[in-house]
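Me: I would like to learn how to read a structural model feature by feature, with the general idea before the particular case. Could we work through one together?

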Amino acid sequence: MSSTASSTEESTQHDNWKSKLVRWTESTEADYGNKHPLIFAKATDPSNPIDVRIATLTRSANAFALAVGKDNTIVPLHSFTNVGGTLSNPTNKVIALLGLSNKAIAVNVDETSAFATHVKSRAPLLRDIEACENIEAISNLADLSSDRGCANLSGLCLPPPYLAQEFLNLIYDLMVDVEEADSEEEEEPTRFKGVDPLKLLELALVKVKEFQAANETDVTYQALGLDSVSYLIRFLVSVSRGFVGETVLEVDENDEVLRAYEVSQHESSILPPIDDPNRLTRLENRFDAFQSQSIQLNHTLGTISDVLKTSNELTSKRIEISETKMDKDKDRTYKYHPSVINCLKTLASIDGIEQADAPSDTILRVLNCESHSKAELELVSQFKEKKLRVTFSIGTSKAIYDGKLLWSSHETPSCVSPFSIGFAKANDTSMEDRHLMLSTLETHGKSMTPDEIKKSLKQALTVPESYHEVVDQGKVFCAILEILGGKDCSIAFNVNEFFQFLEDRRSKVESLMLKNKEVGAFLLFQIGLKVNNYLDMAHAANSPEDIPKSTLDFTFLRESIDSMNIVPVLPASFKHTTTEAEEEPSTKPGRKRSNKDGKEERRKLVRNSDPIEEWKLQEGEKWEMFSGENCKDRPTWLDGKKMCHKWHIKCVCFSDCPYAASHVPKPQVPTEKRRAFGDWRKKKAGRE
């Protein structure tokens with residue numbers, strides 16, 4: 001607001017404070033506030049520093065706030081000032097006027113209850129409130145069962161101007177009625193008695209819709225509807241349910257600062273009561289004083305304006321620097337690529353439909369750690385909270401701390417996989433010992449050699465050999481998903497549901513593992529592969545709905561277990577012996593590779609003992625029809641790689657084939673893959 005407008009506003013005398021504040025809600029400055037309602041949400045946002053919130057309130061002469069009174073009621077505060085917060089008096093002392101009549105009194109506003117307290121309210125979500133037909137239905141809504149989706153509130157709330165006007169009229173009428181009733185009973189004045197927040201809520205729900213209907217065609221309004229005042233709606237509901245504590249207001253008759261502020265505010269803005277015998281004289285004195293002040297003001301207005309402008313710019317800059325520094329110290333997620341944060345927000349979805357506003361608190365506790373050693377200790381501690389003692393390599397914890405969630409390749413599980421974290425033995429203290437070692441290195445700044453760095457980044461695979469190990473690793477995998485997305489995230493629920501299915505089919509899984517011990521590792525690999533594909537797509541998804549539901553569909557594995565028909569094929573990165581693998585000389589010269597000792601050895605040939613008959617080479621067909629340039633457009637498998645045409649057409653391939661994930665027998669080929677590969681084969685054979 002300009003200096004001229006401010007002078008005009010301050011010089012206007014009103015019968016009461018309600019009249020003065022309502023007058024402001026009709027000003028140009030208030031119109032700007034109506035078009036940008038979210039600035040009022042930010043004014044009391046507990047994530048902002050206390051000094052910033054106090055400065056916001058005290059810089060505006062017409063700030064009107066809702067505070068919490070006794071018995072979960074609302075009381076009006078306005079005309080804020082801070083007589084502290086300076087270099088000579090650094091302690092904040094916030095003063096405001098309480099009440100809307102011409103008898104409003106000055107009170108000390110307790111800093112802790114009004115600003116420092118950070119309330120996590122489990123009041124119902126806005127969409128549930130909006131769906132209710134009346135206040136009674138809102139009152140019957142259940143509170144949230146956990147902190148997921150809770151509202152972060154402080155002890156004060158600023159409504160936008162158009163709602164402030166409605167609230168002022170309602171609160172004034174209700175409080176005046178109470179004062180008149182009490183005066184008849186000759187009791188102490190009850191300006192402190194509050195208003196039922198549900199009455200304000202009922203009024204707000206009506207006025208917000210009316211305001212939206214009247215202005216929805218005006219593009220200058222940045223936000224309309226209940227979403228624009230969600231902070232206010234949930235504040236009123238939270239107060240009615242006792243989630244927000246009482247704002248402590250101190251009335252001290254002996255406080256000279258309070259009394260002086262009260263007198264100065266009344267003299268500058270409020271007309272003397274009609275029944276005051278000296279009313280005319282006091283008004284004349286005020287007019288003479290105003291004329292004298294106006295003359296002096298005209299001489300110094302230019303200088304004061306320049307000084308104030310410079311001062312405001314410097315103050316805003318200091319506050320901005322302070323906010324930026326505090327935000328960075330508090331939240332370290334700015335150092336991660338936006339796609340990683342987007343992935344974590346998608347994982348944090350509870351309903352599997354809407355993306356969460358922020359990553360889960362559990363993963364933020366890891367990412368916001370000051371160092372890798374502290375992040376690893378935080379991971380171990382969170383597993384302990386879930387009553388799980390685990391072990392994992394330094395490389396795994398480093399990858400998660402660095403925001404690397406995806407496998408190195410589709411054939412090499414790492415980072416977030418069922419094989420990266422395992423159960424620790426009862427007497428294993430290596431994790432605690434390693435934390436001390438890492439912390440010592442980071443604290444004392446000992447540099448690491450390149451070999452030490454490479455060794456620390458290696459990740460080990462824990463391959464299960466029994467049914468119990470499969471179930472245990474499943475529990476640990478579900479736990480790491482809950483840490484990434486939160487306890488109630490949808491992805492952890494889906495994976496946990498499948499492991500519950502495995503426990504229900506224990507006898508069948510054990511029988512399959514007796515026939516082939518690699519079944520357990522195969523099941524974990526398929527689950528981990530699906531989750532990895534989901535994580536990959538979540539990096540770019542705007543919501544979980546952007547990711548195909550088939551990504552986490554375990555129907556094929558369920559059917560394979562129920563039918564007792566699983567032929568496990570694992571990538572070469574797993575140390576295993578394939579039951580159908582056999583040593584044969586290569587069909588082509590030079591088909592050798594080096595083993596871990598550097599010696600050359602023959603590659604292992606594997607055969608497809610249960611192929612799809614119509615896919616095998618038919619009479620008159622040549623392999624050249626399906627190889628070379630002709631095979632580049634063949635369909636992809638579940639892992640996103642091409643299907644192995646040698647395995648399905650020649651019925652033979654090698655164990656280290658880059659497309660080994662599709663080395664499965666006929667029963668394990670999904671219907672859509674069977675249709676796609678069959679159509680491709682017919683096209684190449686010229687039989688379309």
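Reply: Let us begin with burial: a residue is called buried under 20% relative accessible area, exposed over 50%, and partly exposed in between, with a 1.4 Å probe and protein chains only. In this predicted model, 45% of the 688 residues of the protein count as buried.

Me: What should I know about the ground rules before I look at single residues?

Reply: Residues are numbered from 1 along each chain as its sequence is written. Since this is a predicted model, local features need pLDDT of at least 70 and side-chain atom pairs count only at pLDDT 80 or more, whereas totals for chains, interfaces and linings use all residues; side-chain values use heavy atoms, with hydrogens and water left out.

Me: Where is confidence lowest, and where is it highest?

Reply: The score to read is pLDDT, the predictor's confidence in each residue, from 0 to 100. The protein averages 80, and 80% of the residues score at least 70. For the elements, note that helices (H or I, at least four residues) and strands (E, at least two) are DSSP runs, numbered from the N terminus. Confidence is lowest in helix 1 (residues 3-11), with a mean of 41, and highest in strand 1 (residues 64-68), at 93. Over residues 1-11 pLDDT stays under 50, and the model has 12 contacts for them beyond four places in sequence, a contact meaning heavy atoms within 4.5 Å. Residues 183-191 also stay under 50 in pLDDT, with 11 contacts beyond four places in sequence.

Me: How do I read an aromatic pair?

Reply: Rings of Phe, Tyr and Trp (its six-membered ring) pair if their centres lie within 6.5 Å; planes under 30 degrees apart count as stacked, over 60 as edge-to-face, and the rest as tilted. A search of the whole structure finds nine such pairs. One of them is stacked, formed by tyrosine 162 and phenylalanine 211, at 3.7 Å centre to centre with 5° between the planes. Because tyrosine 162 lies in helix 9 (residues 161-184) and phenylalanine 211 in helix 10 (residues 197-215), this pair ties together parts that are 49 residues apart in sequence. Both tyrosine 162 and phenylalanine 211 are buried. The rings of tryptophan 615 and phenylalanine 677 have their planes at 50° and their centres 4.6 Å apart, so that pair is tilted. Tryptophan 615 is in the loop between strand 13 (605-607) and helix 25 (645-650), while phenylalanine 677 is in helix 26 (residues 671-685), 62 residues apart. Elsewhere, ring pairs link Phe498, Phe499, Phe501 and Phe554 into a cluster.

Me: Which charged end sits over the ring of phenylalanine 501?

Reply: A charge sits over a ring if NZ of Lys or CZ of Arg is within 6 Å of the ring centre and within 35 degrees of the ring normal. For phenylalanine 501 the charged end belongs to arginine 558, 4.9 Å from the ring centre. Arginine 634 is placed over the ring of tyrosine 659, with its charged end 4.8 Å from the centre.

Me: Which residues have the most contacts inside the largest nonpolar core?

Reply: A nonpolar core is a set of buried Ala, Val, Leu, Ile, Met, Phe, Trp, Tyr and Cys residues joined through side-chain atoms within 4.5 Å. The largest has 66 residues, and Phe383, Phe477, Val495 and Leu502 have the most contacts inside it. Helix 23 (residues 519-538) gives the most to this core, with 12 residues. Apart from it lies another core, of 64 residues, among them Phe40, Met175, Ile233 and Val244. Not counting residues up to four places away in sequence, phenylalanine 383 touches several residues, including Leu388, Val390 and Ile421. Valine 390 belongs to strand 9 (residues 390-392) and is buried, with a relative accessible area of 5%.

Me: Is a helix residue such as phenylalanine 493 buried or exposed?

Reply: Phenylalanine 493 is found in helix 21 and counts as exposed, at 55% relative accessibility. Helix 14 (residues 338-347), in turn, is mostly covered, with seven of its 10 residues buried. What covers those buried residues includes helix 15 (361-367), helix 20 (467-485), helix 21 (490-504) and helix 23.
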